[in-house]
Amino acid sequence: MYTDTIADFLTRIRNAAAANHRVVEIPASNLKKEITKILFDQGYILSYKFENKTAQGSIKIALKYDKDTKESIIKDIQRISKPGLRKYASSKDVPRILNGLGISIVSTSKGVMTGKQAQSENVGGEVLCYVY
């Protein structure tokens, strides 16, 4: 049993990318599904599939690699808000990652979204992770 399932989710993606795996399978939750959709929409992963074979279900993520250098598109993926120390940001204080080259994923009252979307909708929330 993990106390921080989001950190486990991000670590599995980070480890699979470092080992040059094509597909990684992760136990599903609604929050993980929303983060996966954001990663796909922003172009960090190739595709994803939600499977409901077990009671919990799973997420299969196909990782994306650069064709020339064979390096992962995801250079780093970091957990920011942790169970022991939550990090919140108002709509004006949502951090910019690598001067706009990366994304921050924020859990708001209007759902899980990127930092730019949170700023445009003028909502703040819990900063879950950074991806670049």
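I began with a definition: a residue counts as buried under 20% relative accessible area, as exposed over 50%, and as partly exposed in between. I kept in mind throughout that this is a predicted model.

**Entry 1: ring accessibility**

I looked up Y48 and found a relative accessibility of 28%, so Y48 counts as partly exposed. I then turned to F40, which has 35% relative accessibility and is therefore also placed in the partly exposed class. For F50 I noted a relative accessible area of 28%, and this residue too is partly exposed.

**Entry 2: aromatic pairs**

How many aromatic pairs does a search of the whole structure find? I recorded 2 aromatic pairs. One of them joins F40 and Y48, with 5.3 Å from centre to centre and 75 degrees between the planes, an edge-to-face arrangement. The rings of Y48 and F50 have their centres 5.1 Å apart.

I next asked which residue lies over the face of F50. I found K33 there, at 5.3 Å from the ring centre.

**Entry 3: the sheet**

I traced an open sheet of 3 strands, ordered β1-β3-β2, with antiparallel pairing. I noted that β1 (23-27) and β2 (45-51) are the edge strands; each has a single partner strand, so one side of each lacks a neighbour in the sheet. On average, neighbouring strands of this sheet are turned by 20 degrees against each other, with direction ignored. I recalled that strands of a sheet pair through backbone hydrogen bonds, either parallel or antiparallel. Between β1 and β3 (residues 58-63) I recorded 5 bridges in the antiparallel sense. Within this part of the sheet, V23 stands opposite A62 in β3.

**Entry 4: the helices**

Which strands does helix α1 touch? I saw that α1 (residues 5-18) packs on the sheet and touches β1 and β3. The direction of α1 makes about 165 degrees with that of β1. I then followed helix α2 (residues 30-41), which lies across β1, β2 and β3. Helix α2 runs at about 155 degrees to β2.

Technical notes
Residues are numbered from 1 along each chain as its sequence is written. This is a predicted model: local features need pLDDT of at least 70, side-chain atom pairs count only at pLDDT 80 or more; totals for chains, interfaces and linings use all residues. Side-chain values use heavy atoms; hydrogens and water are left out. Rings of Phe, Tyr and Trp (its six-membered ring) pair if their centres lie within 6.5 Å; planes under 30 degrees apart count as stacked, over 60 as edge-to-face and the rest as tilted. Buried means under 20% relative accessible area, exposed over 50%, partly exposed in between (1.4 Å probe, protein chains only). A charge sits over a ring if NZ of Lys or CZ of Arg is within 6 Å of the ring centre and within 35 degrees of the ring normal. Two strands pair if DSSP finds at least two bridges between them. Helices (H or I, at least four residues) and strands (E, at least two) are DSSP runs, numbered from the N terminus. Axes are lines fitted to C-alpha atoms, for helices over the stretch in contact, and angles run from 0 to 180 degrees between N-to-C directions. Contact means heavy atoms within 4.5 Å.
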